[in-house]
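The points below are grouped by topic.

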Amino acid sequence: MCLSLAVSVKWQKETFSAVEIDASQPPYVFKCQLYDLTGVPPERQKIMIKGGLLKDDADWSTLGVKEGQKLMMMGTADEIVKAPEKGPVFMEDLPEEEQVVAVGHSAGLFNLGNTCYMNSTVQCLHLVPELKSALIKYPHAGRSSDLDQSSHLLTVATRDLFNELDKSVKPVLRKKFPQFGQLHNGSFMQQDAEECWTQLLYNLSQSLRSPSCSENPDTVKALFGIELVSRVHCEESGEESSETESVYALKCHISQEVNHLHEGLKHGLKSELEKASPSLGRSAIYLKDSCINGLPRYLTIQFVRFFWKRESNQKAKILRKVDYPVELDVYDLCSNDLRKKLEAPRRILRDEEGKKLGLKTNEKSSGSVDKDVKMIEAEGSSNASGESSKTTSQEDKEMHLTGIYDLVAVLTHKGRSADSGHYVAWVKQESGKWIQYDDDNPIPQREEDIPKLSGGGDWHMAYICMYKARLLPM
Amino acid sequence: MAPDPYSASGSGSAPEEAPVKVPSKDLKKKDEKKDEDFSEEDLALKQQLELYVERVQDSDPGLQKVALDSMRQEIRTSTSSMTSVPKPLKFLRPHYGTLKAYYETMEGSDLKKSLADILSVLAMTMSAEGERESLKYRLLGSEGDIGSWGHEYVRNLAGEIAQEYTKRQGEEAPIDDLMELVQQIVAFHMKHNAEYEAVDLLMEVEDLDLLVEHVDSTNYKRTCLYLTSAARYLPGPDDMLVLDIAYMIYLKFEEYPSALQIALFLDNMQYVKQVFTSCGDLLRKKQFCYILARHGITFELDEEMAADDDNREALQEIINNTKLSEGYLTLARDIEVMEPKSPEDIYKAHLLDGRASAGASVDSARQNLAATFVNAFVNAGFGQDKLMTVPSEASSGGSSGNWLFKNKEHGKASAAASLGMILLWDVDSGLAQIDKYFHSNDNHVIAGALLGVGIVNCGVKNDCDPALALLADYINKEDSSMRIGAIMGLGLAYAGSHNEQIRSILTPILNDNQAPLDVIAFTAISLGLVYVGSCNEEVAQAIIFTLMDRSESELGEPLTRFLPLGLGLLYLGKQESVEATAEVSKTFNEKIRKYCDMTLLSCAYAGTGNVLKVQHLLGQCAQHLEKAETHQGPAVLGIAMVAMAEELGLEMAIRSLEHLLQYGEQNIRRAVPLALGLLCISNPKVNVMDTLSRLSHDTDTEVAMAAVISLGLIGAGTNNARIAGMLRNLSSYYYKEASLLFCVRIAQGLVHLGKGLLTLAPYHSEHFLLSPTALAGIVTLLHACLDMKAIILGKYHYVLYFLVLAMQPRMLLTVDENLKPLSVPVRVGQAVDVVGQAGRPKTITGFQTHSTPVLLAAGDRAELATEKYIPLSPILEGFVILKENPDYHEEN
């Protein structure tokens, strides 16, 4: 057997022809030769000869390599792949509570028997971060004397519930939440969500106003309160008086002429009332004309879909279709004072939109950053009601209302009367996605389906809409 | 018919026409009401014939002869037209009885024979059903030129011969006289463009050999086309016989590529060899090699087939598929799809609003695994992608490492193996890129690298046998994931090779009682793949012993199904050869017995279209079982495997499967979508698509999962927009159910397999040849899908890589004589069935003209749109060598 033979070695796309093998030396020497050619260290080389690997200590004579034979070499000088020191965390490994982040929305609430009205209300209110933070600050024990026991309990329960909703993906069993029904009539009956909503807000406003939350004396009012200025006018006597009031929701009256939310709101701001006229000495019809004098951060609008039907002795429902916009402008419902204040920010907003800047996103993100200290603009609150939102912190830019609102939550009702049927909440998440909270079952929805909840059939129809103010930093 | 009032009227007159006409006119007036249809000439002819009939019965032989001759003349001239019943025959009908009676009284003479001839023709319309008088008188007659009586007569005769033949076969009577007639008829048919009638007759009389001497260069193509198509519908050994004849005819006319295709269909290596030795032209041999390579069998050329060493090496290289990767990339570059695609490009989540997961900040291992597979399927064979092969020098460690480690445990194996898929067929750079994972300290990564080596080498052979060299060391390692990686890698790399070395290293594992069940299962499958369709005794024995040895509890494991399947693959398409093993399987433990039985049966008859077997399997599915038995799943798959052979059976199977959905038990319903997926693989039929779409919302999640995967299978490599849309909607529908979402993702990856350049269809060459390895790969996956939760959704998701066996570019790439790509205009259109059609029918319809390389969809056929070149293969698929046409003259 000759001591040296030439073979060709194929490595990746290259072929090295006529590589000499010194058969008297171990294959390691051959590998070193290849190291010179390819730069692959001998220990990383794999040389294949007809279905076998060349071992470092093999004997050339037994391998039967022939002159001119083609060998194949595999191997690279590449760095060996190492696992990153910190492996990724997989959703599957997380405890279930933490998986919420990945799901992108919070949990549903179990129906404890006819409690969908409350579930949906809570889901809608849960959307308001300012309310959440106010609740967190609410002390557990520090109950002030002017609050009764039940409203304290309710507040605490709401706080706990909100906390739980944030953490979990599993439907939350609302075990700590006192029965709404117990507060009212002690039964587990289906209730009107609007009643629940007002009641809850009222309770919260009571408890959160308590001196212990010193920095935000009346959070709920600041967030939801609407200042109304009304002119009460009597046709007969020509008497005129003006009064102010603060409400938590605008009412959208539904009559034959109303096809759109705006019309309904206008209707709702005009009312007739009968009261004793001092000048006439008898009761007379007074016309009450209201307009908005102070706008809240979250504008709640209630569709007055239920009326008391005497014949059937129940709250009947008006199925009429009333369109509502995703973007609501309440400018023409405002009082002249307020309009003046709104004009400047609105102009800026228009200009900026004209420039097609990504204004909306900016505002939203900034709005959610400084949620704790956001307050309604200062001037708007200096009126008779003693609105105390004149707190502007120095480090934050002042946020101005524009009178333009974006739809963030819809509470819908399906069914024919207020005490029956089913309530569901449709809530826009921070990510911009809509989720339908059907008790314990959150279902993602498409944004274009939301305006379809306007009624006129047996599908879910909007009962309460919540709008979030579009703010402008100035 | 009423007694003819004119029969005597012309009796006195001479046979000339003129005198006859006069009375006929008068008579006609009389009789106008009665028989208005007769024109003057008809009436004359009628009377003329009646006269002949009378004369025939005359005592004067001279007159008789004249009458017979005239009658014959009359008939012959008229039967030349085939459009209507010839007038003379019509008018002679009433006299058939008379003539027949007279014939019996005649003395034996030439005249008698002449009369027999005429009677034979008349019998064509007159003879009672089943009497075969035409044949009878033909045999008694003068045996003159058969064609002179017209085409219709010959056909009629052929029909009677067939009947007579079966009768005589039953009585064991001699058939020599018949065969003589057959000779005449066949010769006549073959000359007159009625090849298929000749073939039919010869098949009836079981003497196809006669055909070979009658075919000529003008009709052999049509004859063979008819033979090969008819073979699909013939029972038992007849089909083989028919194909044998077709093979011989092709060989006779040097139509070697077609002969080779039949040889491959018969799986007869002797014939393949004969094709090589018969043909002397190197270029044509190269084309043969391309055909062999597409079929995916291992074939070693010897000196007889190619004498010259260099030539042989060049030919072997083609068979080894070494240029497949290059050709595929040429296609990809031409179609401009080289740009790698990421899983997100496939999911197209932006088209879905609302439901798409809102920027999940935490990785989901399952979703990452799905992305790994989608990435592998979509970028298969392109050599680049956006997850695994991103330039590793970008940062230390490289992003590819990053993606790898975004998978969990066994997920890393699939991730590392996906590199093999991305670099599919490109052994040189594939091995170089996989190399680094061999040095990992994570067993799962090494397992993936081993599997990746197998995938890269799938369908490609290399002299140095790198897969064997690299993997052999690992099959006996401690860690079972590494072992499985190596074993499965070997199975993929050497599928269909019948490689002795593999057998010698793998069978000991089967005999090892200590080996874990999953290792055993994958060993059985790999052996089944390597020895697919070989009927290898030793391998069969090894698997059978394993099945007998294993404990009863192990036999109930989901993975155990791979053992009978491995056994079945050994007999893939081998029909009766399976019987001995099937007998043995009856002695198995009852847990696996029926499963084994069904699997063996369905594998053995896969791709045969055997209706009896389909019925048998349907019968199995019709039973409503009390106990939860698992054998009905493979029975349902078996229906699809057997029936997928040809279009008609396929349609019927789809219908039968619909019925199974209605009344079947749950385990049957779970298998039905998979069977549909197999029947229409890479061929999205709208009705099947709809059925699967419906099932994908089934309340039973297993049914839904199977339907989703099958949607991927039927759309595999088609980029079908409708399926893609369906899957997108499913991805939002199932966004919360991780396992269903995983299936949806896999299906999405499959639909965009190789960015739409690949197909999974195991049939090629115009749906004629069935690649055994491809079918084996698909069937293995489908069997794994019968228990989705335990296997694909468990830790054996890498069984999805078995599909690599079926992956082939669905292209037509024309190359010149130096095998360099050559762009020529081709027409691509829907294939038309031209079997048995007259003239030169168009073979494609609704065609468009492209220049090669082009993509061919299921059911598409291509033809050259230029005369400048001559293709060396009649079927334009895959690689086709073009030769310059010497007779071509450039216009202008």
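B:Val530 is a buried residue, its relative accessible area being 0%. The model in which this residue is described is a predicted one.

- Helix α28 of chain B, which covers residues 517-530, contains B:Val530.
- The classification of B:Val530 as buried follows from the cut-off, because a residue counts as buried under 20% relative accessible area and B:Val530 has 0%.
- Once neighbours within four places in sequence are left aside, the contacts of B:Val530 are B:Leu490, B:Gly491, B:Tyr494, B:Ala495, B:Gly496, B:Ser497, B:His498, B:Asn499 and B:Ile502.
- The C-alpha atoms of B:Val530 and B:Ala493 are 8.5 Å apart in space, while the two residues are 37 residues apart in sequence.

**Chain B as a whole**

- Chain B contains 43 helices and 11 strands.
- The C-alpha trace of chain B spans about 120 × 75 × 60 Å along its principal axes.
- Chain B has 892 residues, of which 59% count as buried.
- Among contacts in chain B with a separation of 6 or more, 71% are accounted for by residues 24 or more positions apart.
- The domain assignment divides chain B into domain 1 (41-249), domain 2 (256-320) and domain 3 (811-884).

**Domain 2 against domain 3 in chain B**

- The C-alpha centres of domain 2 and domain 3 of chain B are 22 Å apart.
- On each side 10 residues take part, with 10 residues of domain 2 of chain B in contact with 10 residues of domain 3 of chain B.
- About 950 Å² is buried between domain 2 and domain 3 of chain B, and carbon and sulfur atoms give 68% of this area.
- B:Leu283, B:Gln287 and B:Tyr290 together supply 60% of the area that domain 2 of chain B buries against domain 3 of chain B, which is more than any other three residues.
- On the side of domain 2 of chain B that touches domain 3 of chain B, the elements giving two or more residues are α14 (256-265) and α16 (282-295) of chain B.
- The most is given to that side of domain 2 of chain B by α16(B), with six residues.
- By class, the side of domain 2 of chain B that touches domain 3 of chain B comprises five nonpolar, three polar and two charged residues.

**Salt bridges**

- Side chains of opposite charge can pair when their charged atoms come close.
- Over all chains, the count of salt bridges comes to 34.
- B:Asp302 and B:Lys273 form a salt bridge in which the closest N and O atoms are 3.4 Å apart.
- This pair links distant parts of the chain, 29 residues apart, with B:Asp302 in the loop between α16 and α17 (309-319) of chain B and B:Lys273 in helix α15 (residues 269-278) of chain B.
- B:Asp302 counts as partly exposed at 27% relative accessibility, and B:Lys273 counts as partly exposed at 23%.
- B:Asp787 pairs with B:Arg561 in a salt bridge whose closest N and O atoms are 3.9 Å apart.
- The two residues are 226 residues apart, B:Asp787 in the loop between α42 (772-785) and α43 (791-795) of chain B and B:Arg561 in the loop between α30 (552-555) and α31 (562-570) of chain B.
- Both B:Asp787 and B:Arg561 are buried.
- B:Arg669 forms a salt bridge with B:Asp698, and the closest N and O atoms are 2.8 Å apart.
- B:Arg669 belongs to helix α37 (residues 666-679) of chain B, and B:Asp698 to the loop between α38 (686-695) and α39 (701-714) of chain B, 29 residues apart.
- B:Arg669 counts as buried at 16% relative accessibility, and B:Asp698 is buried with a relative accessible area of 16%.
- A network of salt bridges links A:Arg44, A:Lys46 and B:Asp435.

**B:Ser710**

- B:Ser710 lies in helix α39 of chain B and is buried, with a relative accessible area of 0%.
- A polar atom of the side chain of B:Ser710 lies 2.6 Å from the backbone oxygen of B:Pro673.
- Neighbours within four places in sequence aside, B:Ser710 is in contact with B:Pro673, B:Leu674, B:Gly677 and B:Leu692.

Notes. Residues are numbered from 1 along each chain as its sequence is written. Chains are lettered from A and ligands numbered from 1 in the order in which they are written. This is a predicted model: local features need pLDDT of at least 70, side-chain atom pairs count only at pLDDT 80 or more; totals for chains, interfaces and linings use all residues. Side-chain values use heavy atoms; hydrogens and water are left out. Domain bounds come from an automatic or database domain assignment. Contact means heavy atoms within 4.5 Å. Buried area is the accessible area (1.4 Å probe) that two parts lose on being put together, summed over both. Helices (H or I, at least four residues) and strands (E, at least two) are DSSP runs, numbered from the N terminus. Ala, Val, Leu, Ile, Met, Phe, Trp, Tyr, Cys and Pro count as nonpolar, Asp, Glu, Lys and Arg as charged, and the others, Gly among them, as polar. Buried means under 20% relative accessible area, exposed over 50%, partly exposed in between (1.4 Å probe, protein chains only). A salt bridge is a side-chain nitrogen of Lys or Arg within 4 Å of a carboxyl oxygen of Asp or Glu. A polar contact is a pair of N or O atoms within 3.5 Å; within protein, one must be able to donate a hydrogen and the other to accept it, and residues adjacent in sequence count only if both atoms are side-chain atoms.
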